[in-house]
Amino acid sequence: MNLINEYYLGKEKLIINSKDLLKNTKCKSKKLTSIKCNLLASKSQHTFSAFDYRKNINSDLGSSNIFLYVNSLFYGSCHDIAFFMCYLLEINGIKSRIVHLSNNQKEMKNRITHVAIEAYYDGVWHFFDPSLNIYFFKKNHKEVLSIEQIKNQKTLIPNKKISLNKLKNNKKNSCYYHKNNEVFKNSYSNYLSLFSKVSDF
């Protein structure tokens with residue numbers, strides 16, 4: 001495999017390499033680094049998958065895809081954005097895992113699924129949604145909560161007002177097309193419903 005900063009897109013050398021990404025995300029604490037990685041990843045546009053991973057699963061394209069993603073595309077589905085955040089955490093020495101969330105509705109028109117991540121630091125897991133730049137605290141506490149804590153907390157404080165509009169796509173040929181726009185009206189409660197069913201991605 002080539003070194004990451006030796007990849008070219010056509011005749012142009014990729015602008016951002018792993019050193020640049022590290023420089024732009026590293027902070028004094030793993031908590032602040034994770035928050036910064038989440039913010040950078042959330043700048044991606046949410047749309048069609050950037051890559052067909054099924055075709056590339058046995059190739060050495062994984063790391064080069066990150067830099068094609070950053071330098072040329074910067075769009076993708078929630079799992080592309082989650083992969084990108086996991087890479088940012090990895091170069092900062094922070095362990096992470098990708099999680100699949102679902103509101104567990106049986107009817108397809110009411111079902112919402114999403115992919116996010118948990119970062120491991122200070123001896124515990126912490127939930128981050130890099131597609132929407134969302135994470136949670138509990139009241140009077142500034143530690144980022146894990147999925148299990150989110151599921152068991154009555155009072156949750158999100159880092160910002162929750163909106164699902166970034167996930168909304170009204171193009172009928174899109175895999176993100178939702179016939180049921182009610183999903184986007186009660187953003188906070190519909191988002192929390194995603195924690196009904198959680199599994200490893």
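Tyrosine 120 stands opposite tryptophan 125 in S7. The model is predicted, so local features need pLDDT of at least 70 and side-chain atom pairs count only at pLDDT 80 or more, while totals for chains, interfaces and linings use all residues. Residues are numbered from 1 along each chain as its sequence is written, and side-chain values use heavy atoms, without hydrogens and water.

**Exercise 1.** Determine the strand order of the open sheet and its edge strands.

*Solution.* Step 1: helices (H or I, at least four residues) and strands (E, at least two) are DSSP runs, numbered from the N terminus; two strands pair if DSSP finds at least two bridges between them. Step 2: the 4 strands follow the order S7-S6-S5-S10, with antiparallel pairing. Step 3: S7 (124-128) and S10 (197-200) each pair on one side only and are the edge strands. Step 4: strand S6 (residues 113-121) pairs with S7 over 5 bridges.

**Exercise 2.** Describe how helices H2 and H5 lie relative to S6.

*Solution.* Step 1: contact means heavy atoms within 4.5 Å; axes are lines fitted to C-alpha atoms, for helices over the stretch in contact, with angles from 0 to 180 degrees between N-to-C directions. Step 2: H2 (residues 30-42) touches S6 and S7, and its direction makes about 155° with that of S6. Step 3: H5 (residues 78-91) lies across S5 (95-102), S6 and S7, at about 10° to S6.

**Exercise 3.** State how many disulfides the structure holds.

*Solution.* Step 1: a disulfide is a pair of cysteine sulfur atoms within 2.5 Å. Step 2: the structure holds 0 disulfides. Step 3: for cysteine 27, the nearest cysteine sulfur, that of cysteine 37, is 7.9 Å away.
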